[in-house]
Amino acid sequence: MNDRILELTDKDIRNRLLMSKGTQRHRRLGALAGNAVLITIASSSLVALLFIFYFIIRDAIPFFQLEGIGEFLTSSRWYPSREEAEFGALAIFVGSALVTVGAVIVAVPMGVLAALCLSDILPFSMRQVVKPVIEMLAAVPSVVYGFFALVVFAPLLQEKGGGLLSVGALIVLVPISIVGIGVASDLIGARFRGGARGIVRVTSAVIMTVIVAIALFLLNRFLGDLKIVSGTNALNASIILGIMALPTVVSVSEDAINAVGRELREGSYALGATRAETLLRVIIPAAKSGIIAAVILGVMRAIGETMVVWMASGNAARIPQPIFNYLEPIRTLTATIAGDMGEADHVTGSGRYHVLFAMAFCLLVIAFVSNLISEMILRRSKRKLGG
Amino acid sequence: MELKTRKMLDRSFTTIGIFAILLMAVSLVILLQPIIWRGAGAFIFRETIENRKLNLEIFGRGNRANVEVQVTEAEAARKPVYDMMAEFEREMEEGGPSFRRQYRSEYSELRDMISELLGPFPGEGDPVLIRDRYGHTRWDRANVKLHRILFVEEYDYSDPNRMGVKVEKPRADLFESTSIEPLFGYLEENLERMMLPSVTFYWRFLFDRSYDAHFFGGIWPEMLGTFYLALGAMLFAVPLGIVTAMYLAEYAGEGRFVSLLRTCISSLAGVPSIVFGLFGLAFFINTMKIANGKSVLAGSLTLAFLVLPTVIRASEEAILAVPRTYKEASMSLGAGKWHTIISVILPAALPGILTSIIISLGRAAGETAPIIFTAAVSVGRPLAIWQTLSQPSPALSWNIYNLATEHEAVDEIRHVQYGMVLTLVAMVLLLNLAAIIIRARISRKLRG
């Protein structure tokens, strides 16, 4: 080996180790071309997004030209197939909003609690068990959730109706009210000194327990007497959508909670705070923006979901009376697009075809804007926590 | 607050948190339990003699001699039923117009139901539809039918303040003291002898095509359609996704263009799936006209757009997870950037990229909304691979929706619906399980 290196001449060195000018130029050009190709391919998602916007807007514009935007957003008379078609989509927008709010009520408290539990409370071995559960919930296709909602949950709601609701309400409300009474009686007791404190605490706890028990009993009676006419309604869709949105909420807010540094936790514990106090007073405020981003992403999941609402919401284009009546069937934007396009696509060019694109455009804008907001929040929080 | 209360609060907070996680696990169990239990019913069930007859005549399966012996046996058991009905028909003939008027509609309803339960009456020709040529092929459905024959459902509206209450009245009461009354008792006691149920394992459910709008047969065309759609989507999305991920992870800095790209990727991930469907309709079908109407190709392309962000993100994560030392070692040996990526980084990131591909595959297989307008039809034959360029196909996800909501006899074919749901869920969850296992291996390897 050594001998051969010694035999190298200057020319050899230039040829083999240093590149000639020509080779260098070649290489540089090659790298430039490679980079150009790479950038072109990497921009595919940019191009895809532009294409989506272009083609949705292209077919949505004729609707706004033909019908105007006023009726679309303010009237709730939805008769697209009549001779004199009416395209009032207000009830449909309200329907989308209703199920989304319902899904958020189901998913957010549960999701954030579960995320706190995963990151700070459960031991590592338990986390390894819970993670796959969340992944499975996320992996189940939406049509399967829809099938469950339609075939299993809807008949159950219709038959058991109020009974099911009151059991569900008890499961959720009893633990919460026990904790609530504990906190409230303690806070009231803390205003007194000495022997009075204990007495005040006990009596206030007893009084509140009685009041809450009566309230729960009345609520239970009220729910138990409810008759659910149709199992496919806003409540059904909201609950199932909430469960579908759970994995998103859990994983994004868990990331946010994990990003809060050890120092904050250790500082809080060193000051004598319990774990619950650390989580509620230190971790959640620090991870606030990440949790908000998680909520936004969950909302997006719920607004954009098609199959579950199509199968489980009843598809009636009416505003429920009163508006928070979750037991009435409703109709959402996504379900309208999915359901009406089948009848509209052979008459391409009709108002009925273009109104669905107008709805898709609204969905697209909502999704795009909320995504931008959530990304902005996440980026800002990362910068704050990082520096 | 007192220390005692604070501790109690701490404990109750922990309990509520664990309760939330339990609730999540329980909802997964509640979701999967009926799907697994009733989905298994599509594969393992008690078949009646009618099913064996159908298998022999339509698919050519089973032992002809055995089936014929059983058919004669069952016919012997059914003979009294037909005799009683013939007897009653004679009684109606002789009974005069008022008697006839009283029983005509009830009797024709009963006759129809019995023919649905046991198949066409002896001596009648073969009906056109396969479903009319045989009685109930499943013992559980036969029992449901028997119950409908034995009892009439009526609604009791006597209390004006409440909704009608369902009441069941024995049908035998309608035919009191006629010659057909004993028929009901006979049916109830001898149904087993007339149908000869036995347990069967119908594994061919996965590989048979469906007959007579999913009344009989299996789900092969749907499975094949799902395979084509999902694999086709990966064919387009994976190369694009990996190259993009490579660019983002290895080449791009923190410039404005890159941050624009990242925003686009996350926005693309947030676009509702139904909007992808409309886009596919407007672009691939109405503008590009890549086929005459819907086609598997159009559906695959639409799905490719949908899974692209997932592939990019997961692949980028996999590439970033490769330790920097690998790259530095390769560079210090004199390899160029390109060479390093191809021969060092990509092989090391391959298991992670594979995980991302598997997960996206599951996502593409389960999506419904993007294929409604671009690729899916309700009924179709299994396609050969070149037909996917121009023809639409049924797919599991779409057909679950379609059979559960738009089929003419939704209740009759529940087992097919559950079978499809189970197949789809099993496919997706197995893919995810594979991904989880691969990921666990990688993390073990990277750790030491």
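**Start with chain B**

Select chain B, which splits into domain 1 (47–200) and domain 2 (220–447); these bounds come from an automatic or database domain assignment. The C-alpha centres of domain 1 of chain B and domain 2 of chain B are 50 Å apart.

Before going on, some housekeeping: this is a predicted model, where local features need pLDDT of at least 70 and side-chain atom pairs count only at pLDDT 80 or more, while totals for chains, interfaces and linings use all residues. Residues are numbered from 1 along each chain as its sequence is written, and chains are lettered from A and ligands numbered from 1 in the order in which they are written.

Still in chain B, pick helix α15 (residues 396–405). Helices (H or I, at least four residues) and strands (E, at least two) are DSSP runs, numbered from the N terminus. Nine of the ten residues in α15 of chain B are buried, including B:Trp398, B:Ile400 and B:Tyr401. Buried means that 20 or more other C-beta atoms lie within 10 Å of a residue's own, with C-beta atoms placed from the backbone; 12 or fewer is exposed, and in between is partly exposed.

**Where the chains meet**

Now show both chains. How many residues of chain B are in contact with chain A? There are 73, and they meet 73 residues of chain A; contact here means C-beta atoms, placed from the backbone, within 7 Å. On the chain B side, helix α1 (residues 3–40) gives the most, with 22 residues. Colour that side by class and you get 51 nonpolar, 18 polar and four charged residues. Nonpolar covers Ala, Val, Leu, Ile, Met, Phe, Trp, Tyr, Cys and Pro; charged covers Asp, Glu, Lys and Arg; the others, Gly among them, are polar.

**Over to chain A**

Chain A has 17 helices and two strands, and its domains are domain 1 (2–37), domain 2 (51–147 + 232–386) and domain 3 (162–226). The centres of domain 2 of chain A and domain 3 of chain A, taken over C-alpha atoms, are separated by 32 Å. Of the 387 residues in chain A, 39% count as buried.

**Last stop: A:Phe357**

Zoom in on A:Phe357, in helix α17 (residues 351–386) of chain A. Why does A:Phe357 count as buried? Because A:Phe357 has 26 C-beta neighbours inside 10 Å. Bring chain B back: leaving out residues up to four places away in sequence, A:Phe357 touches A:Ile56, A:Asp59, A:Ala60, A:Phe63 and B:Leu278.

Technical notes. Contact = placed C-beta atoms within 7 Å.
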